[in-house]
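Thanks for coming. I have one structure for today, so please look at the sequence and the model first.

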Amino acid sequence: MSPETKDIATPSRTRELLEKYGFSFKKSLGQNFLIDPNILHNIVAVAELTKDKAALEIGPGIGALTEQLCRTAGQVLAIEIDQRLLPILSDSLAVYDNVQVVHGDVLKLDVKRLMAEYLPAYDKVSVVANLPYYVTSPILMKLLEERLPLEHIVVMIQKEVAERIAAGPGSKDYGSLSVAVQFYAVAEVAMTVPASVFIPRPHVDSAVLKLTMRDRPAVEVADEGLFFRVVRASFGQRRKTLYNNLLGNLFGKDQRDLVTAVLKAADIDPSRRGETLSLAEFARLANVIHRFQEKG
Ligand code: SAM
């Protein structure tokens, strides 16, 4: 195999590209590049891509994952914040005619508009990415809250965060991030990944999180903002009861009777802890509070 046809995600090809362009990693941008083609094949398989689907990648780096996406999907759109990577990407991905790279910060860009502009022919688009770990949650919440027309979101993230997102009620990992993500998607940890498949090696363990987008949110809520405020308040201090967390974080200290009445109407034991409530129970609680507020 000549160097040109070798996968980008091999230690030798990666080193060659980095040296050719004198590239130095920026820790502040979460730059840990993948150098193991097998891991990449597994990630792409988890995303269930085919040639009639498109992929949206956040942070292509030097194109290790992008290359596999080009081979498997019909069209690829990649968003990269680091300008220094653009000439490297046009070199490393030169043989693929189904990829476009947009320069910018995914948190600031209008991603819905970019998808409409660059992937107009595809009704099935999935995000597939090895995310920069310093902004995992903001990126995921942006993709979910903006209700982008996505099929799956398959992302390499810090293992601990993946476990928190996929956790269910009663688990020590279950928290407001689990509820926020599971409101929009079904979450599962698809695989864990050793630090040895990256350069430079990250100091944390990694995992691939698979989100399958729901057609509509998991539960029906009258006021989404209120639902999320109730969730955050309930998880406020983990050792406290639901009653005390609601009293301290959502209602005023002088509203003891109201909190008691709300929990009774929602049929939830006030001595329970927030981390034992299912999404359906949080929704019931939020909808009761909404009703009480409307009545004044
Ligand atoms: N996909 C490549 C790979 O797997 O080898 C690189 C992954 S590396 C963990 C994260 C990439 O995201 C880097 O290329 C980094 O420059 C880019 N990045 C960091 N913050 C970003 C942001 N806010 N918007 C877009 N790209 C970003």
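The domain bounds I use come from an automatic or database domain assignment. With those bounds, the chain is divided into domain 1, residues 3-213, and domain 2, residues 224-295. Residues are numbered from 1 along each chain as its sequence is written. This is a predicted model, where local features need pLDDT of at least 70, side-chain atom pairs count only at pLDDT 80 or more, and totals for chains, interfaces and linings use all residues, while side-chain values use heavy atoms, with hydrogens and water left out.

Now the two domains. Their C-alpha centres lie 36 Å apart. The contact, meaning heavy atoms within 4.5 Å, takes 13 residues from domain 1 and 13 residues from domain 2.

Buried area here is the accessible area, with a 1.4 Å probe, that two parts lose on being put together, summed over both. Between domain 1 and domain 2 that is about 1000 Å², and carbon and sulfur atoms give 68% of it. On the domain 1 side, Tyr-174, Val-179 and Phe-183 supply 48% of the area buried against domain 2, more than any other three residues.

There is one salt bridge between the domains, a salt bridge being a side-chain nitrogen of Lys or Arg within 4 Å of a carboxyl oxygen of Asp or Glu. Glu-224 and Arg-147 form a salt bridge, with their closest N and O atoms 2.8 Å apart.

Next, the ligand. What surrounds it? The ligand has 23 residues around it, and the closest are Leu-34, Gly-59, Glu-80, Asp-105 and Asn-130; the cut-off is a heavy atom within 4 Å. A polar backbone atom of Gly-59 is 2.8 Å from a nitrogen atom of the ligand. For Glu-80, a polar side-chain atom lies 2.6 Å from a ligand oxygen atom. On its own the ligand has 600 Å² of accessible area, and the protein covers 99% of that, by the Shrake-Rupley method with a 1.4 Å probe, where for residues only the protein chains shown count as cover.

Conventions. A polar contact is a pair of N or O atoms within 3.5 Å; within protein, one must be able to donate a hydrogen and the other to accept it, and residues adjacent in sequence count only if both atoms are side-chain atoms.
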